Amino acid sequence: MNPYILSLLLLTLGLGTTITFASSHWLLAWMGLEINTLAIIPLMAQHHHPRAVEATTKYFLTQATAAATLLFASVINAWITGQWNIHLMTHPIPTTMIMLALALKIGLAPLHTWLPEVLQGLDLTTGLILSTWQKLAPFALLLQIPLQNHSILMALALTSTLIGGWGGLNQTQLRKILAYSSIAHLGWMILIIQFCPSLTLLALSMYLMMTSAAFLTLKINNATNINMLATSWAKTPILTAIFPMTLLSLGGLPPLSGFLPKWMILQELTKQDLALTATVAALTALLSLYFYLRLSYALTLTMAPNTLTNTTPWRFPSQQITIPLSLTTMLATLLLPLTPTLTALFCI
C-alpha cells in the first residue's frame with residue numbers, strides 16, 4: 001500500500017476514535033464509530049486474498065448492523081426523553097439496545113461469532129489493530145452510559161468468559177486462539193464495569209499491553225498456527241524463552257502482570273457480595289489458562305521435524321522494529337510488584 005494512503009487511513013482511524021472519545025452527543029459518537037470502521041476496511045482488504053476479502057465483508061456487515069442499532073436506539077431515547085446526551089440515558093429499552101449494539105461491536109458473547117472468523121482472515125498487523133485499537137471507542141461509550149443494576153451485563157460477561165475459554169480449547173490457529181482470548185478478557189472487563197469503572201480501565205490497559213506483546217512476537221516469528229511455533233527455537237531462541245511468560249500473563253497466572261486485574265476484579269466482586277459470580281469467573285479463567293499452557297508447551301518442549309544431523313540452518317537477521325515488542329513484553333510480565341502504584345493511579 002502507498003505510504004501516503006496508509007498514513008491517511010491510520011490518521012483517519014485515530015480521528016474516528018478521538019471524535020468518539022470527545023463526544024457527549026450520541027450523533028457525534030455514532031459518527032466517530034463510523035469513521036473508525038470505514039478507515040480500517042481498506043487496511044483489512046489490502047492483501048487481495050479471498051480470506052481477507054471475506055473477513056472484511058463480515059466485519060463491515062457486523063459493524064454496520066451494530067452502528068444502525070446504536071443510531072436507532074439513540075433516536076428512540078431522544079424521542080422518549082428529549083435528550084441526546086450520553087450521560088442522560090434514563091429509559092431502560094434504548095439503554096439495553098445500545099449495550100447490545102456495543103457488545104456486538106467489541107465481540108462479547110453470544111454476539112461474538114464474527115470475531116474469530118474475521119481475525120483468522122487478517123494478517124497479524126491488522127489483527128493487532130482490530131484486537132486493541134478498535135476496542136477503545138466502544139469502551140469509551142460503555143464507560144459513559146449510566147450502568148446500574150443491569151443483570152444483562154453480568155450475563156454477557158459470564159457468557160464471554162466461559163465461551164472465550166471453551167472456544168479456544170480445540171483451536172490450532174493462533175489468530176483464532178487470540179480472538180477467543182480477547183472474548184474472555186472482554187468478559188472480565190464488563191463483569192466489573194458497573195461497580196468499578198476504573199478497574200475496567202486497568203483491565204483494558206493490561207489487555208492492550210499483553211495482546212500487543214503476543215501479536216508482535218508472532219509477527220517476528222511469522223507464526224500463524226501451533227505447528228509453526230515449534231520452529232521458533234531456531235529463529236529467535238531468547239524471544240521463544242520469554243514468550244511463554246507473556247502467554248501465561250494473558251492467562252492471569254501469578255506473579256505475572258496479567259494476574260493483577262483478575263485479582264482486583266475478584267476482590268471487588270467479593271466486596272459487592274457476588275462471591276458466586278467471582279467463583280464462576282475464576283473457574284472459567286482455568287479454561288483459558290489451559291490453552292495458554294498448550295501454546296507454551298508447543299513453544300518450549302517440542303521441536304520441528306528435522307532430518308538434518310548438523311546444526312540448524314541460518315537465516316537472515318530480522319529487519320523488523322523490536323522496541324515496541326520489548327516494551328510491551330516487559331509491561332506484560334513485570335508489573336505486579338507495582339500494584340500499589342497502579343491502584344493509586346487508577347483511584348481504585
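A nonpolar surface patch is formed by Ile321, Ile323, Leu327, Met330 and Leu334, whose accessible area together is about 550 Å². Patches consist of residues with over 30% relative accessible area and no salt bridge, with nonpolar side chains (Val, Leu, Ile, Met, Phe, Trp, Tyr) joined within 5 Å and like charges within 9 Å. Areas were computed by the Shrake-Rupley method with a 1.4 Å probe, and for residues only the protein chains shown count as cover. The model is predicted: local features need pLDDT of at least 70 and side-chain atom pairs count only at pLDDT 80 or more, whereas totals for chains, interfaces and linings use all residues. Residues are numbered from 1 along each chain as its sequence is written, and side-chain values use heavy atoms, with hydrogens and water left out.

The C-alpha trace spans about 75 × 50 × 35 Å along its principal axes. Of the 348 residues, 52% are buried. The accessible surface amounts to about 15800 Å², and carbon and sulfur atoms account for 70% of this area. Of the contacts (heavy atoms within 4.5 Å) between residues at least 6 apart in sequence, 79% join residues at least 24 apart.

Two salt bridges are present in the structure, each defined by a side-chain nitrogen of Lys or Arg within 4 Å of a carboxyl oxygen of Asp or Glu. In one, lysine 58 pairs with glutamate 54, with 2.9 Å between the closest N and O atoms. Both residues belong to helix H3 (residues 50-81) and are four residues apart, about one turn of the helix. Lysine 58 is partly exposed at 30%, as is glutamate 54 at 36%.

A further salt bridge joins glutamate 117 and lysine 176 (3.3 Å, N to O). Glutamate 117 lies in helix H5 (residues 114-120) and lysine 176 in helix H9 (residues 174-192), so the pair ties together parts 59 residues apart in sequence. Glutamate 117 is partly exposed, at 32% relative accessibility, whereas lysine 176 is buried at 17%.

Definitions and conventions
Buried < 20%, exposed > 50% of the residue type's maximum accessible area, 1.4 Å probe, protein only. Helix = DSSP H or I, 4+ residues; strand = E, 2+ residues; numbered from the N terminus.
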